[in-house]
Amino acid sequence: MTALSLFEKSTTYNGAYIFMMANRFQMLYFVIIMPTYLIHPYMIWGIVLIGIVSHFNLMLLSKWFRSRFATKGYDGFVELFGETLVRFFAWIGLFFLLLKASIILIGYVEIVRTFIYPSMNQKWLILFMLMISWYVASKGMETTIRLIVIAFFMNIWIILLIVPFYLPPIAAFHDLFPLIPLEWSEVNWEGLLFIWSSLSGPEYLICLGPWLRPNENTFKSLAYANALTVLEYLLLFVGSLFFFGSNYVSTSIYPVVNMYRYLQSPVIERIDMLLISIYLFQFVFAISVLLLCFYGAARIAGRKTTKPTSRMGYIASWLTILACTMIINEWAWNGGTLVNRLLNLQIWSGAITYLLVPSFLLISIYRKGRV
């Protein structure tokens with residue numbers, strides 16, 4: 001089939017784009033179900049603590065972006081690791097990319113079906129979402145990156161809607177007790193792991209190195225994005241504690257969306273439906289980027305980097321994600337018994353990639369002798 005220009009580079013993007021992309025990648029599906037997993041008020045300190053650790057992790061990642069290898073893309077990885085090892089990493093990356101894309105897609109589609117289209121077959125919603133992402137990604141990586149501006153400003157204001165839940169009579173200060181744990185259990189450790197995994201996502205920006213413009217302010221961009229994410233996490237979690245109380249927050253599957261359902265407006269009857277629709281922008285952006293990264297990793301794994309990108313290869317990658325998402329949705333999500341295992345797999349995979357990728361890259365750079 002005819003060639004398709006997906007990875008051409010005519011411009012690079014500054015720290016503002018890095019800031020927006022890192023923040024929105026950290027604000028995907030997990031943040032919507034976060035209060036259900038954290039439950040206890042003292043996990044407020046867990047969000048702050050993990051946020052600080054994430055801050056130092058992003059410091060390592062910023063050193064990679066400032067290296068001479070980052071802007072070279074595939075050639076930089078080959079120079080650092082060698083072609084054989086890069087192909088091996090590409091095969092591993094295909095799994096993580098496929099898992100993350102499938103989970104956030106199914107998670108968002110399930111929210112849409114639950115609150116907007118309860119009688120609609122979920123498979124059609126998955127197909128619809130992936131078709132939008134296919135169209136966006138087909139415009140190339142440069143155009144897809146520009147979409148983050150729309151996705152960011154369409155979604156960032158939503159956090160302001162949490163303000164009414166901080167006001168009486170909904171807000172009661174005693175809902176935030178105890179702020180110090182009287183005992184520590186396995187559930188608390190799982191909550192910390194969940195927060196760390198939720199903060200993952202910026203590590204996928206290493207795939208976008210050639211299109212980014214790293215400089216001495218790269219760390220500031222990542223740090224500000226992480227700080228904004230932690231602030232949003234805290235506002236949503238504390239707001240859910242005020243609204244539900246720690247005894248009942250775990251009974252809601254989607255506590256954040258259920259909170260917004262109770263907001264009233266003289267203009268819009270169902271504010272939650274509007275907000276879910278607006279969330280579409282950041283989910284389409286994330287899935288489109290992951291689709292392009294998946295296709296790029298498939299080209300590396302299949303030794304196709306010397307050949308131009310093709311419509312056949314791009315469509316094959318899209319069909320692979322579609323087929324795997326449908327299978328996961330049918331066998332695991334709708335089966336009920338494997339839902340928690342599937343989410344746990346994504347929680348662990350996100351935690352592992354976010355922990356290992358920045359440190360591994362930095363160690364490899366130092367071993368090479370140059371930064």
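The model is predicted. Its largest nonpolar core holds 131 residues, and helix 2, which spans residues 29-38, is mostly covered.

**How helix 1 and helix 7 pack**

- Two packed helices are described by the angle between their axes and by the distance between those axes.
- Helix 1 (residues 15-25) packs against helix 7 (residues 141-155) at an angle of about 60°, and their axes lie 9 Å apart.
- That angle makes helix 1 oblique to helix 7, and the crossing of the two helices is left-handed.
- On the side of helix 1 the contact is made by Tyr17, Phe19, Met20, Met21, Asn23 and Arg24, while helix 7 contributes residues including Ile145, Ile148, Val149, Phe152 and Phe153.

**The largest nonpolar core**

- Within this core, the residues that touch the most other members are Met21, Tyr29, Trp64, Leu205, Leu208, Tyr260 and Phe283.
- Helix 11 (residues 271-301) supplies the largest share of the core, with 20 residues.
- Trp64, when its neighbours within four places in sequence are left aside, is in contact with Phe69, Ala70, Phe77, Leu80, Ile206, Leu361 and Ile365.

**Helix 2 and the residue after it**

- Nine of the 10 residues of helix 2 are buried, and among them are Tyr29, Phe30, Pro35, Thr36 and Leu38.
- Helix 2 is followed by Ile39, a residue whose phi is positive, near 65°.

Methods:
Residues numbered from 1 in each chain as written. Predicted model: local features only at pLDDT ≥ 70, side-chain atom pairs only at ≥ 80, totals over all residues. Heavy atoms only, no water. Axes fitted to C-alpha atoms, helices over the stretch in contact; angles between N-to-C directions. Helix = DSSP H or I, 4+ residues; strand = E, 2+ residues; numbered from the N terminus. Parallel < 35°, antiparallel > 145°, perpendicular 65-115°, else oblique. Left-handed = near helix turned anticlockwise from the far one by under 90°. Contact = heavy atoms within 4.5 Å. Core = buried A, V, L, I, M, F, W, Y, C linked by side-chain atoms within 4.5 Å. Buried < 20%, exposed > 50% of the residue type's maximum accessible area, 1.4 Å probe, protein only.
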